[in-house]
Amino acid sequence: MGRRRAGNPPAEDRVQLATYITRDGMTEAQLIRQASDGDGQAVRALYERYAPRVYAVVRRIAADDDQAQDYAQEAWIRAIRALPTFRGDARFSTWLHRIAVNAALQALRKAETRGKRERPLPESLSAPTLSKDALLQRRLEWALDQLPDGMRQVIILHDVEGYTHEEIGELLGVTSGTSKSQLFKARVKMRDLLKDIREPRMEPGAEAWST
Amino acid sequence: MEHMNLEWLAELADREPTAEERNLLERHPEWARELEELKEQTEALGALPSLRPPRGDWQAVEARLMSEGLIRTRRNVMLSLPLSAGWTRVAAALLLFVGGTATGMAVSGGPMGANDLTAGIETLGDAERAVAVSEQQYLNALVRYRELQSSAADLRPFSDSGERAAALDMLVQAGQNALQRAPDDPFINLFLVSTLAEQRATSRRTISPRDNWF
């Protein structure tokens, strides 16, 4: 399947203009078709719909804001480039998510000179004004950032994103047994990190992750 | 008595304990408590929300998509000029269109002309859309022209496609900087659009199937 061809006839562009107006009413399949044909507005609509999910997984894998933005952008470029090969066998969101994960993992492997992230505990992790949910989210995100790369990748892919150990093994180039072992270690490490930052004065039953 | 370490408990967060494990947990409430905490932690991770990308992220993605020739958009070089430029932007784009008409006709053989472009334009919005379409037609035609031209004549001075792409990136950057200083200058507009077209044509020539790896 070829990419958008150069020298489109003028009539095609006039049709394109008409679709800008009805963009909101388009189905995802139509959006994908138009995006695949190089329609910037359709690509934008897909971006608006899925950018938070793409950014979230890439940010958590990278554990770094600047790198996350680069990796997320790379994921979008790869996805739009590969869009003509999207057959609809899987859901678009699943397909895109996989591209984002691969983009982030590949970029991380290339970033050999990356220094160890030593992040101080942000004050916001104990801010009394935060809601319980917001506080919990910040603590979890902080603790994820502290994990060693291997553990972090596995726990994000399994516990946050719902991948199976077989899928994780395939993505990371390890056995599913290694994935399991890393996951259990990561959970314990997370638990220790979170215990360390829990408020000692917190009321009984009001632990950060209690429901 | 067997000791349930934390990694064992972490594993139990995903599955039902066996009868033997249930026995151990019943006899050791502190382990059962640890397990509950690990389960809650796992559930909380699964409920983490999506994260909004930083501001300006779409603009960066869009710019890269455009530079690689992957999208066409109304928010292009001409229309991203300051709004105060108003009709002068349109005028500059029209100049470009007229300049490119000959190339467009030569390549597409289609009946394009200035009359077709201005028919039905009554508002600024109409004009902006017409400019976007015209500019895209011109770009498409120019890209095709360059592709045909380069397939006929070997690009020996830039046999290294990476070097050529890098050189074109520099020219585009220079053109964009120049356009910010002189947004209405038809020569600079023409230079930038022409360079963008060449950049896009080069990008298409150098994209091989393995580049689609993801």
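A: Start just after H7(A): Gly162(A) takes a positive phi of about 80 degrees. Helices are DSSP runs of H or I, at least four residues, numbered from the N terminus. This is a predicted model, where local features need pLDDT of at least 70, side-chain atom pairs count only at pLDDT 80 or more, and totals for chains, interfaces and linings use all residues. Residues are numbered from 1 along each chain as its sequence is written, chains are lettered from A and ligands numbered from 1 in the order written, and side-chain values use heavy atoms, without hydrogens and water.

Q: How many residues of H7(A) are buried?
A: Buried means under 20% relative accessible area, exposed over 50%, partly exposed in between (1.4 Å probe, protein chains only). In H7(A), ten of twelve residues are buried. Among them are Ile155(A) and His158(A).

Q: How do I read a salt bridge?
A: Side chains of opposite charge can pair when their charged atoms come close. The cut-off is a side-chain nitrogen of Lys or Arg within 4 Å of a carboxyl oxygen of Asp or Glu. Arg59(A) and Asp145(A) form one, at 2.9 Å from N to O. Arg59(A) is in helix H3 of chain A and Asp145(A) in helix H6, so the pair ties together parts 86 residues apart in sequence. Both residues are buried.

Q: Which residue forms a salt bridge with Glu34(B)?
A: Lys195(A) does, with the closest N and O atoms 3.7 Å apart. Glu34(B) lies in helix H3 of chain B and Lys195(A) in helix H9 of chain A, so this pair joins two chains. Glu34(B) is buried at 19% relative accessible area. Lys195(A) is partly exposed at 36%.
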